[in-house]
Amino acid sequence: MSKPTVVLLHGVGLDHTMWEPTAALLADRFTVITPDLPGHGTRPPVSDGVTLADLADGVVGEIPAGSHLVGFSLGALVAQHVALHRPELVTTLTSVSSVCERTAEERASVRDRLRAAEADFTASAAASLKRWYAGTEVGPDRVARTEATLLSNDVGSFLNCYRVFATADADIAPDLPAIAVRALAVTGENDPGSTPEMTHRLAAALPDCRAEVIPQARHMLPVERPEAFVDSLTTFIGECAHV
């Protein structure tokens with residue numbers, strides 16, 4: 001009997017390696033696919049004007065029909081777009097550390113981060129690492145790998161993708177009620193960018209979605225607390241399989 005397939009989509013500036021702790025915990029029960037989004041990892045840079053639809057179109061070829069689709073941060077917005085426009089590919093949708101319908105204050109905050117990256121990409125990457133990992137128990141080797149991934153980006157391509165991350169939640173928000181698959185929205189209790197309030201906002205916008213908040217976790221939930229994240233994900237998938 002073949003294993004069900006889980007497809008994991010990473011966040012902006014990252015690549016498939018962010019999923020290594022999660023994939024190791026899922027591998028005995030699932031076929032795990034971790035593609036790089038356009039403009040990331042092994043993929044060529046993307047040009048100015050790239051859209052959420054472009055990023056989704058660039059990854060759908062690696063999502064088998066009937067997958068359990070999981071997206072993190074920017075990857076969550078991409079996953080929501082795929083669930084909306086290619087529902088035959090998606091059995092369940094899990095949005096991890098996802099933004100949703102940012103308020104004016106939240107939008108100003110992400111625009112500040114975009115301007116900071118435009119002004120000094122290296123300093124912006126250092127600020128991201130501090131925001132994600134300071135005070136956590138994530139080991140220095142894993143933090144160093146994340147730093148290496150961030151700094152390996154083509155800066156122009158990163159900024160083009162970050163503009164999608166900063167704006168696409170507003171673009172997709174009106175269409176969220178049309179996503180028909182069962183969904184899970186999960187984030188860390190102490191995530192300052194993809195807040196628990198946003199996760200509850202997303203769960204309210206989707207027709208069949210449960211919100212979960214992992215205590216004492218920050219933005220890089222799948223890296224910081226992989227066991228707790230996988231427990232949440234597999235419990236959700238298991239419930240859906242028995243409907």
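Me: How do β5 and strand β6 pair, and over how many bridges?
Reply: β5 and strand β6 (residues 209–214) pair in the parallel sense over six bridges. Two strands pair if DSSP finds at least two bridges between them. Strands are DSSP runs of E, at least two residues, and helices are runs of H or I, at least four, numbered from the N terminus. This is a predicted model, where local features need pLDDT of at least 70, side-chain atom pairs count only at pLDDT 80 or more, and totals for chains, interfaces and linings use all residues. Residues are numbered from 1 along each chain as its sequence is written, and side-chain values use heavy atoms, with hydrogens and water left out.

Me: Which residue stands opposite Val 186?
Reply: Glu 212 in β6.

Me: And what do β5, helix α8 and β6 make?
Reply: With helix α8 (residues 196–205) between them in the list, β5 and β6 make a right-handed β-α-β unit. Right-handed means that, with the strands pointing away from the viewer, the path from the first strand over the helix to the second runs clockwise.

Me: How many bridges join strand β4 to β5?
Reply: Five, and strand β4 (residues 90–96) runs parallel to β5. Leu 93 stands opposite Ala 183 in β5.

Me: Why is strand β5 largely enclosed?
Reply: Six of the seven residues of strand β5 (residues 182–188) are buried, so the rest of the structure largely encloses that strand. Buried means under 20% relative accessible area, exposed over 50%, and partly exposed in between (1.4 Å probe, protein chains only).

Me: New topic. How many disulfides are there?
Reply: Zero, from a search of the whole structure. A disulfide is a pair of cysteine sulfur atoms within 2.5 Å. For Cys 209, the nearest cysteine sulfur is that of Cys 100, 9.3 Å away. Cys 209 counts as buried at 18% relative accessibility.

Me: What about aromatic pairs, how many?
Reply: Five. Rings of Phe, Tyr and Trp (its six-membered ring) pair if their centres lie within 6.5 Å; planes under 30 degrees apart count as stacked, over 60 as edge-to-face and the rest as tilted. Trp 19 and Phe 229 have ring centres 6.3 Å apart and planes at 35°, so that pair is tilted. Trp 19 and Phe 229 are 210 residues apart in the chain, and both are buried.

Me: Tyr 162 and Phe 165: how far centre to centre?
Reply: 5.4 Å, with 70° between the planes, which is edge-to-face. Phe 121, Phe 158, Tyr 162 and Phe 165 form one aromatic cluster.
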